[in-house]
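Here's a quick tour of a protein model, written for someone who likes to know the cut-offs behind each label. Have a look at the sequence and the coordinates first, then read on.

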Amino acid sequence: MTQAKASGAGLRILVSAGPTYEDIDPVRFIGNRSSGKMGFAVAEAAARSGARVVLVAGPVALPTPPGVTRLDVRSAAQMHEAVLGQLPADIYIGAAAVADFTPRQVAGSKIKKREGESGLTLDLVRTPDILAEVAGHAARPRLVVGFAAETDEVERYARDKLARKRLDLIAANRVGVAGSGFESDDNALTVYWTDGQRALGPAPKTVLAGQLLELILERLPAG
Ligand code: C5P
């Protein structure tokens, strides 16, 4: 049976994707392993569904999907500002791997190694939780979707995040699936909401993104 694809026509969908880089000095940064592929694929699927899509992208080497408006950022602070600046939206999909900590101060010049020094201590501070802030915002989108990258007790941690960050949906990487994860082209997700869940994939990230977008549009409350 072939089902008609859900339409995103008339919707404004905001997606964030990729890592963030937190500068330590002019040549070093703290980052994380994220290719941005999943978020870019979701943005592409959203544009294909007829939605107006804004993609806030951390530093990644990916082309802009057709029909998508892209805003490039580097740090968590910049991503925070760009995402909040794009509200209101009907749907927010937070697929970025935002750094949890950032140096309290960026050194103006390269930090030098000194003779006899055995280590270096960095003073880090927490970054703003963009997703939780969007979910608690006065202009909260009708549907807020997060991602959870967990290695164990996936459902427990994902559901905890769903409740704590006041999300509508959370997509967790299904671990133990060959080829799934950060830099791979294939992935498997389990999407959780308060009283349900659905397993998607394993499939190429582009196919999976289409399935995820279908589920998102299905779960969107009328508004
Ligand atoms: O709490 P944790 O980082 O595991 O949650 C992951 C989800 O929260 C992802 O959707 C990620 O984009 C979002 N997040 C965020 N801002 C942060 C940290 C995580 O939006 N500072």
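Is Glu155 buried, partly exposed or exposed? Glu155 is partly exposed, at a relative accessible area of 35%. For these labels, buried is under 20% relative accessible area, exposed is over 50%, and partly exposed is in between, using a 1.4 Å probe and protein chains only.

## Ground rules

This is a predicted model, where local features need pLDDT of at least 70 and side-chain atom pairs count only at pLDDT 80 or more, while totals for chains, interfaces and linings use all residues. Residues are numbered from 1 along each chain as its sequence is written, and side-chain values use heavy atoms, with hydrogens and water left out.

## Salt bridges

The structure holds 13 salt bridges, each defined as a side-chain nitrogen of Lys or Arg within 4 Å of a carboxyl oxygen of Asp or Glu. One of them links Glu155 to Arg159, with the closest N and O atoms 2.9 Å apart. The two sit four residues apart in helix H4 (residues 154–164), so about one helical turn separates them. Helices here are DSSP runs of H or I with at least four residues, strands are E runs of at least two, and both are numbered from the N terminus. Arg159 is partly exposed, at 24% relative accessibility.

Two other pairs are worth a click. Arg70 and Asp72 form a salt bridge, again with 2.9 Å between the closest N and O atoms; Asp72 counts as exposed at 55% relative accessibility, while Arg70 is partly exposed with a relative accessible area of 22%. Arg114 and Glu117 also meet through their side chains, at 3.4 Å from N to O. There, Arg114 is exposed at 60% relative accessibility and Glu117 is partly exposed at 39%.

## Strand S9 and its partners

Now for the strands. S9 (residues 143–148) is mostly covered, with five of its six residues buried. Strand S6 (residues 91–94) runs parallel to S9 and is joined to it by four bridges; strands count as paired if DSSP finds at least two bridges between them. Tyr92 has Val144 as its bridge partner in S9.

S9 is also joined by four bridges to strand S10 (residues 169–173), and this pair runs parallel too. In S10, Leu169 is the bridge partner of Val145. From S9 the chain passes through H4 to S10, a β-α-β crossover that is right-handed: with the strands pointing away from the viewer, the path from the first strand over the helix to the second runs clockwise.

## Ser16 in strand S1

What about Ser16: buried or exposed? Ser16, which lies in strand S1 (residues 12–17), counts as buried because its relative accessibility is 1%. Its side chain makes a polar contact of 2.7 Å with the side chain of Tyr92. A polar contact is a pair of N or O atoms within 3.5 Å; within protein, one must be able to donate a hydrogen and the other to accept it, and residues adjacent in sequence count only if both atoms are side-chain atoms.

Leaving aside neighbours within four places in sequence, Ser16 has contacts (heavy atoms within 4.5 Å) with residues including Val56, Met79, Val83, Tyr92 and Ile93.

## The aromatic pair

The count of aromatic pairs comes to one. Tyr21 and Phe29 make up that stacked pair, at 3.8 Å centre to centre with 20° between the planes. Rings of Phe, Tyr and Trp (its six-membered ring) pair if their centres lie within 6.5 Å; planes under 30 degrees apart count as stacked, over 60 as edge-to-face and the rest as tilted. Phe29 is partly exposed, with a relative accessible area of 39%.
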